[in-house]
Amino acid sequence: MLKMTSKPLTALLALIAVSLVYTGANASKPSDANIVKPRSDVKIDSASNYVVIDQDEPAFIVFTGIPKGIDQEKLEKIRQHVSTRETATMLTWQQFLQRVDGYARSVVLRNDYPKVRVVDGIVCLIASKKGAGAPWGLTWNGGIALTFNDYQHARRTYEAYKKDPASYEPVRDPRRDPVNPRGHLPYFGCGG
């Protein structure tokens, strides 16, 4: 299970993971709204009915799909937990599709992966049967985080960028870049 520093986030992710086992703006952001490519309007048959969005950290935003067929009691527990957190929101799949571009613009300060349609990738990951229920992080530099290492990398690079944006150098070797979208997207059948 993903270890996060935030106890409420860990509790939410644990609740979602347990449920799945049983059910089978940043003020310093540049004004350029085109830092990430907007998602396409392709119709998607999603494995998720709802999406939990957690905006607890400035280095990334976390999207977790709640799969279709989840027990209503478990779904209500997730709703209740989300309602106790100021940084978390739960949306229907359609609401998520309507707002995902805005969420992306709220976190991505620069796009280190301009050839990847990262917002489409996030939508695909959450919609896929393999990716539904996993906490997918969209990072400050247009990357995608899933593992503890990915999230730690996003935090470190975000801090380096905030400290001195002019001297920030993105990781150019994809084998050393844990948040490179091409490291996650193909494995989950979402291109890359």
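## Overall architecture

The protein has five helices and five strands, where helices (H or I, at least four residues) and strands (E, at least two) are DSSP runs numbered from the N terminus. Along the sequence, these elements follow the pattern α-β-β-α-β-α-α-β-β-α. Of the 192 residues of the protein, 51% count as buried; buried means under 20% relative accessible area, exposed means over 50%, and partly exposed lies in between, with a 1.4 Å probe and protein chains only.

## Basis and confidence of the model

This is a predicted model, in which local features need pLDDT of at least 70 and side-chain atom pairs count only at pLDDT 80 or more, while totals for chains, interfaces and linings use all residues. Residues are numbered from 1 along each chain as its sequence is written, and side-chain values use heavy atoms, with hydrogens and water left out.

The pLDDT is the predictor's confidence in each residue, from 0 to 100. Its mean for the protein is 82, and 77% of the residues reach 70 or more. Over residues 1-35 the pLDDT is below 50, and beyond near neighbours in sequence this stretch has 69 contacts in the model, a contact being heavy atoms within 4.5 Å.

## The sheet

The five strands form an open sheet in the order β3-β1-β2-β4-β5, and the pairing is antiparallel. Two strands are taken to pair if DSSP finds at least two bridges between them. In general, strands of a sheet pair through backbone hydrogen bonds, either parallel or antiparallel. At the edges of this sheet stand β3 (88-92) and β5 (144-145), each with a single partner strand, so one side of each is left without a neighbour in the sheet.

Strand β1 (residues 48-57) pairs with β2 in the antiparallel sense over seven bridges. A hairpin of two residues joins β1 to β2, and Asp54 has Val62 in β2 as its bridge partner.

Strands β4 and β5 pair in the antiparallel sense over two bridges, and the bridge partner of Gly137 in β5 is Ala145. Their hairpin has four residues between the strands, and there Gly142 takes a positive phi near 85°.

## Covered strands

Strand β2 is largely enclosed by the rest of the structure, because eight of its eight residues are buried. Both of its faces are covered: Phe60, Val62, Thr64 and Ile66 on one side, and Ile61, Phe63, Gly65 and Pro67 on the other, are all buried.

Strand β4 is mostly covered, with five of its five residues buried. Here too both faces are covered, with Pro135, Gly137 and Thr139 buried on one side and Trp136 and Leu138 buried on the other.

## Aromatic and charged side chains

The structure holds 10 aromatic pairs. Rings of Phe, Tyr and Trp (its six-membered ring) pair if their centres lie within 6.5 Å; planes under 30 degrees apart count as stacked, over 60 as edge-to-face and the rest as tilted. One of these pairs is edge-to-face, because the rings of Phe60 and Tyr151 have their planes at 70°, with their centres 4.6 Å apart. This pair links distant parts of the chain, as Phe60 lies in strand β2 (residues 60-67) and Tyr151 in helix α5, 91 residues apart. Both Phe60 and Tyr151 are buried. Elsewhere, ring pairs link Phe63, Trp93, Phe96 and Tyr103 into a cluster.

Two charged side chains also sit over rings. The charged end of Arg79 sits over the ring of Tyr50, 5.1 Å from its centre, and that of Lys130 sits over the ring of Tyr187, 5.0 Å from its centre. The criterion is that NZ of Lys or CZ of Arg is within 6 Å of the ring centre and within 35 degrees of the ring normal.

## The disulfide

A search of the whole structure finds one disulfide, defined as a pair of cysteine sulfur atoms within 2.5 Å. It is formed by Cys124 and Cys190, whose sulfur atoms are 2.1 Å apart. The pair links distant parts of the chain: Cys124 is in helix α4 (residues 118-127) and Cys190 in the segment after α5 (148-163), 66 residues apart. With -85° about the S-S bond, the link of Cys124 and Cys190 is left-handed. Cys124 is partly exposed, with a relative accessible area of 24%, whereas Cys190 is buried, at 11%.
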